[in-house]
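Let's take a walk through this structure together, one meeting place at a time. Have the sequence and the 3D view open as you read.

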Amino acid sequence: MSTRGVAYAGEVGFALWRRSLLELARVRGGLLPTTIAPVIFLLGSLGQFGRLDQLVGFPTTSYIAWLMPLSCLQGAGFAGGATGANLARDIEAGWFDRLLSSPAPRPLLIVGPVMAAMTRSLVPMTVILIVGLILGPGLTGGAYGLLMLYLAGVLFSVVAALWGITLALRARSQQVGPLIQNGVFIAVFLSTAYTPLPFLKGWLAVAAPYNPVTYVLQMGRQATVSGIEPSWAHTWPGLLALAGMILFFALLALRQLRRIDL
Amino acid sequence: MTDVALERDLAVQGRVILALAQRALRVQLRRAQFLLPSFLLPLLLLAVVASGTSAAQQLPGFPSTGSYVGFVVSGTIMQGTLLAGLMAGIAIAGDIEGGFFDRLLSAPVHRSSIVLGRVLGTAAIGVAQAVLFLAVAFAIGADFTGGAVGILLTILLAALSASAAAGLGAALALRTGSLSLMQNLFPFVFVLLFTAPAFFPRALLSPVLEKISVVNPLSYVVEGMRAALFDLPALGSVPGGFAAGIGSVVLTSSIAVWAMRSRAET
Amino acid sequence: MQPDATSTQAELGDHAIVVKGLERIYPGGLRAVDGVDIVVDSGEIYGFLGPNGAGKSTTVRILTTLLRPTGGSATVAGFDVLHEAPQVRRAIGVALQEAALDPLMTGRELLQLQGALHGLKRAEAKLRGADLLERVDLVDAGDRLLGTYSGGMRRRLDLAMALVHRPSVLFLDEPTTGLDPVSRSALWREVKALNDEGTTVFLTTQYLEEAEQLADRVGIIDHGRIVAEGTPQELGRLVGEPGLYVKLLDETQTEKARDLLAVHGAVSERREGGLTIRTALGARAIAPIVRTLDDAQIEVDAVEVEEPTLDDVFLAVTGRPAEETGGDQT
């Protein structure tokens, strides 16, 4: 691609990113569901299962410290998934056809929403973090841990956005929205969501180690779980999992986009 | 109006309620893609909770009920019936926005019959949910020592819980008349669920939640289910569950009828 | 005199609907219905005309007990809409605008539900539903979901539902809006047949033609007030002298034709081309007009007698076109 091409791509990507963000201002309470649901889940799970931190061998003495990164991922994932649902609406309204008929390179049409998802994911994560810090023991992982939590969340929102975009391009209908978000919900909770691996029983004990989100959670938990101290050993499996998921869903999304062209 | 006429009227209203309940059920079943989540989501959370938090049984003070899934399945039933109630509210809001509700209102029907028809239809869904969830729990290894009587009582409590939730959904839908608002209430199902001892015994909830759960009538319903399922009065009170359940149905349905009356004035 | 039941009948006389000083003021201060008086005789078809937002639907909602009036009174079938709402509901049939029908039910199920709502036993409701499906020619479609019905089929089913309990007063709120001409005339035939059987019909419409076809009397509402009332013929006369529309083959001659035709009546130019001549002679003026133009060697493309439309009547009684009122607030 020529320099001109790069500049053009940048411009188009920026314009699409801005449009996705503007929508936040226009659609009243657009971010509310993606923020409120994880906060409710955080507080509810804390209230229900809070005593689990008293189990012998639990890696932290504060259950909210264990849950907070989970809620952050959930919020970031919902924010990403919402991008897919919005794309489905654009497709239904015919706006996406207009984009398709423009000379913009095809992959860029995906980059815009993905970038918007990354930006949007910061809102629920920050709200959850504030709630968690008010109620919990604070950041045990310091700046590095906090950085890893945000990185895990932002990159997970990319995974969720690509998954949502794939489904939106396939279904071309807003009705796919709940399916996208249920997928995110399942991915996040079929993991070490409530207790660490050694405490899992039954089929989850078998499934969770194979769920990449388990490792993304571990990466994020460096921020708040005292038993998971900040270290490269707790980071690289998460990064690897995220890279793998992003690659996988990006390929799916691009394949789906090519099909739409035909 | 003479007594005879009133009596005849009651029989008519009974038929009206049944016809409306039948319609509510039928339409919900035909819109299965919307009803399905109220069966699948609770099962999903049951799977996660039963497997992910079963270590809780090692906590001091956790009651012994054999398999952990048997203990938490009552919360799953509660979640299902709450979702069914929300679906009922969404369906009513859809009827209002689509204009079908005006048709009901312009018929010579008691306002309460319109609410009770929907409540009854939702109760039937609650029964179906309870049967399914108990069967799944049983298949995974729950051992309900309360026997058939306990299971029957639990199913009845589920019907009450669904009825109360439907009354609440109806009240909100009738008050707001907005479909999009009803659809956005989804997260608040979890507020009601998590402020009751849905998955943990009340004594092991966090102190704040334990206090809140006292005023949530669902607390007594879910505890009543557990007490019935395991025939263990230590887990809760079956009559208490029925009292809370019936009280909630009366309360929420009354609010719904009141909301319907006030609709005609705006 | 006679026992109780007939004394109400006697007091009621032959009036199916009596509306006195009816008012509905919305919380925002909007006077949707602002002092309406209407008397509809038993067995009459009353046409209620007005543009969107004029107060038509609000009036109908009050008369069908869906909305409380904020002032005035109304009785339907001899019962007060406010204090005897249940009796009113038993006596009336309502086919509402938009034909609000549940898309996930079949025609037969909806009719049976409506039967149950009106107190019919299951077997009765079944029988009555089957009869009505036949009456509105929906037997074949009876077991299909409403979602698959065409607009005309929905309206017919809607009408059938309003008839389940053999009401004495039937409210039809814009029953043919959006229908094609064939479906429209089929529905008109059915309404006429019902009226012949003795049903009083209160019909709201935006179409003067519909009122002319069906109504014995017509009331026109604007800004919540009745601005004109009478038979369709009486209202048509309000428009003034009938108009003749002349379309020329060569539009550049319009100016010349306009001057020449002034001897026949008041001439006005139409925005879309052509001329309108108002003359008391009506159709009888066609020949002289054509002769005048022919003499001047202006070729005529078409001459039509213009039937007064709701727009014309509305313009005549309010002094402004119906479209400008806009806003669907009722």
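**Where the chains meet**

Start with chain B and chain A, which bury about 2500 Å² between them, with 71% of that area on carbon and sulfur atoms. If you're wondering about that unit, the size of an interface is often given as the accessible area lost when the parts come together. In chain B, the residues that lose the most area to chain A are B:Val48, B:Ser51 and B:Phe194, which together make up 22% of what that side buries. Keep in mind that you're looking at a predicted model.

How many residues take part in this contact? Chain B brings 33 residues and chain A brings 29. Between these two chains there are 0 salt bridges, but there are 9 residue pairs in polar contact, both partners at pLDDT 80 or more.

Now look at which parts of chain B do the touching. Helix H3 (37-52), helix H9 (186-194) and helix H10 (207-215) of chain B each supply at least two residues to the side that touches chain A. H3(B) gives the most, with 8 residues. Sort the residues on this side of chain B by class and you get 26 nonpolar, 7 polar and no charged ones.

What about charges? Side chains of opposite charge can pair when their charged atoms come close. One pair to find crosses between chains: B:Arg26 sits in helix H1 (residues 3-30) of chain B, and its partner C:Glu109 sits in helix H4 of chain C. Their side chains meet in a salt bridge at 3.4 Å, N to O.

There are polar contacts here too, with 9 residue pairs across the interface of chain C and chain B, both residues at pLDDT 80 or more.

For the last stop, head over to chain A and its surface. Which residues make the nonpolar patch there? They are A:Leu43, A:Ile130, A:Ile134 and A:Leu135, and the patch covers about 400 Å². Helix H5 (residues 106-135) of chain A provides the largest share of the patch, 3 residues. A:Ile134 is found in that helix, H5 of chain A.

Definitions and conventions: Residues are numbered from 1 along each chain as its sequence is written. Chains are lettered from A and ligands numbered from 1 in the order in which they are written. This is a predicted model: local features need pLDDT of at least 70, side-chain atom pairs count only at pLDDT 80 or more; totals for chains, interfaces and linings use all residues. Side-chain values use heavy atoms; hydrogens and water are left out. A salt bridge is a side-chain nitrogen of Lys or Arg within 4 Å of a carboxyl oxygen of Asp or Glu. A polar contact is a pair of N or O atoms within 3.5 Å; within protein, one must be able to donate a hydrogen and the other to accept it, and residues adjacent in sequence count only if both atoms are side-chain atoms. Contact means heavy atoms within 4.5 Å. Buried area is the accessible area (1.4 Å probe) that two parts lose on being put together, summed over both. Helices (H or I, at least four residues) and strands (E, at least two) are DSSP runs, numbered from the N terminus. Ala, Val, Leu, Ile, Met, Phe, Trp, Tyr, Cys and Pro count as nonpolar, Asp, Glu, Lys and Arg as charged, and the others, Gly among them, as polar. Patches are made of residues with over 30% relative accessible area and no salt bridge: like charges are joined within 9 Å, nonpolar side chains (Val, Leu, Ile, Met, Phe, Trp, Tyr) within 5 Å. Accessible areas come from the Shrake-Rupley method with a 1.4 Å probe; for residues, only the protein chains shown count as cover.
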